Amino acid sequence: MKLLSARGVNVAYMPSRGQRIWAVRDVDLDLAEGEFVGLVGESGCGKSTLGRGVLGLLPTAAKTAGSVTFAGQELVGASIRELRRLRGPSLGLIFQEPMTRLNPLLRISEHFDETLRTHDRSLTKAQRRRRSLDALGSVGIPPTRFDNYPHEFSGGMRQRIMIALVLVLNPAMVVADEPTTALDVLVEAQILRILADIKSSYDTAILLITHNLGIVAEACDRVAVMYAGRIVEQGSAYDVTTKPSHPYSRELLNSTISLSTTKLHSIPGAPPNLVNPPAACRFHPRCPDAMKVCAELWPPTVVTGPARRSECWLHAKEDIPAGQAAPLERETLAAAEEA
Ligand SMILES: Nc1ncnc2c1ncn2[C@@H]1O[C@H](COP(=O)(O)OP(=O)(O)OP(=O)(O)O)[C@@H](O)[C@H]1O
Ligand code: SF4
Ligand SMILES: [Mg+2]
């Protein structure tokens, strides 16, 4: 059943001085109960903004428009009180840097006690302790470590504690924003396994934000690829990571490092400045397949398979105006890159 539904979501940051940054533009995204969805893209493409936007957790300088419904309730425009009521018990956020979220002066047991007390005043101390130890157990932290301080744990263990601190409230959905970026590959694999277990044992929906398409291939059911504020491709994790339909997904996949990587590939250039992104297809200055139309007209979103969509002119060649399907000339590309 559908749990989260985002429709036509736009987020703009409006710094007090400076220009408006269009971090998310007209995005649709759904999450079903217990679904594990990966949100991938390079740095600055708007992944965290979208992930926090759907939780109603953006700073006040960010303005959100569109609709985000969670279990039938509209979150865009909801009061802080309504959002607080949902957040924690229903919606959780796991951050990249656990140490910045754990208070070094408090024992792990005190973190759990405070979290549970804030959200449910009816629980007794014994009940809070039981629930905390269960949550810690589900991420592989033994009860003997309950009274330790944050600095007594490794980075990977601290991340597991952060996950347990979110889980202890039994949320229906969790956004995990690059939870493994600061960790080595073995610990990263452990954390991904824990997230996959949580999904199956608690039926929690997870939105996993990452730069790495390789990670989503292993862990996720579905993937959304984000570029310059847009979701440019969505589909099953298997389809997108084995047969990407959008040139950006293909380039991102080619630049993923794996054990079998023999030659490093990186996408030339960088994602655009979102104050003034390229016209029409935002990827056209970097796209090896760019045609004239790509710099002139916004590409259509085309259904390219079961539960699969891609925003690219390559899938709508019959709709390209006469003469516009020719390759975009390199001078035009260079000029667009300079702009
Ligand atoms: N608090 C903020 N104020 C102003 N601009 C912001 C703020 N947070 C993000 N941005 C801008 O919004 C755009 C999207 O940023 P966001 O952090 O959502 O991207 P991201 O895909 O999560 O990147 P990364 O992979 O580096 O975390 C960027 O241009 C960024 O500079
Ligand atoms: S619309 Fe054109 S420029 Fe954009 S990704 Fe497709 S082919 Fe490349
Ligand atoms: Mg981010």
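Glu-233 stands opposite Ser-310 in β12. This is a predicted model, in which local features need pLDDT of at least 70, side-chain atom pairs count only at pLDDT 80 or more, and totals for chains, interfaces and linings use all residues. Residues are numbered from 1 along each chain as its sequence is written, and side-chain values use heavy atoms, with hydrogens and water left out.

Strand β12 (residues 308-311) pairs with β10 in the antiparallel sense over two bridges; strands are DSSP runs (E, at least two residues) numbered from the N terminus, and pairing requires at least two DSSP bridges. Strand β9 (residues 222-227) also runs antiparallel to β10, joined to it by six bridges. Val-223 has Gly-235 of β10 as its bridge partner. The hairpin of β9 and β10 has two residues between the strands, and Ala-228 there takes a positive phi near 45°. Strand β10 (residues 230-236) is largely enclosed by the rest of the structure, because six of its seven residues are buried (under 20% relative accessible area, 1.4 Å probe, protein chains only).

## Ligand 1

Around ligand 1 there are 15 residues (a heavy atom within 4 Å). Ser-43, Gly-44, Lys-47, Ser-48 and Thr-49 come nearest. A polar side-chain atom of Ser-43 lies 2.4 Å from an oxygen atom of the ligand, and a polar backbone atom of Cys-45 is 3.2 Å from an oxygen atom of ligand 1. Tyr-13 places a polar side-chain atom 3.5 Å from a nitrogen atom of ligand 1.

## Ligand 2

Ligand 2 is surrounded by 13 residues, the closest being Cys-281, Cys-287, Cys-294, Cys-312 and Trp-313.

Technical notes
Chains lettered and ligands numbered in written order. Buried < 20%, exposed > 50% of the residue type's maximum accessible area, 1.4 Å probe, protein only. Helix = DSSP H or I, 4+ residues; strand = E, 2+ residues; numbered from the N terminus. Polar contact = N/O pair within 3.5 Å; in protein donor to acceptor, adjacent residues only side chain to side chain.
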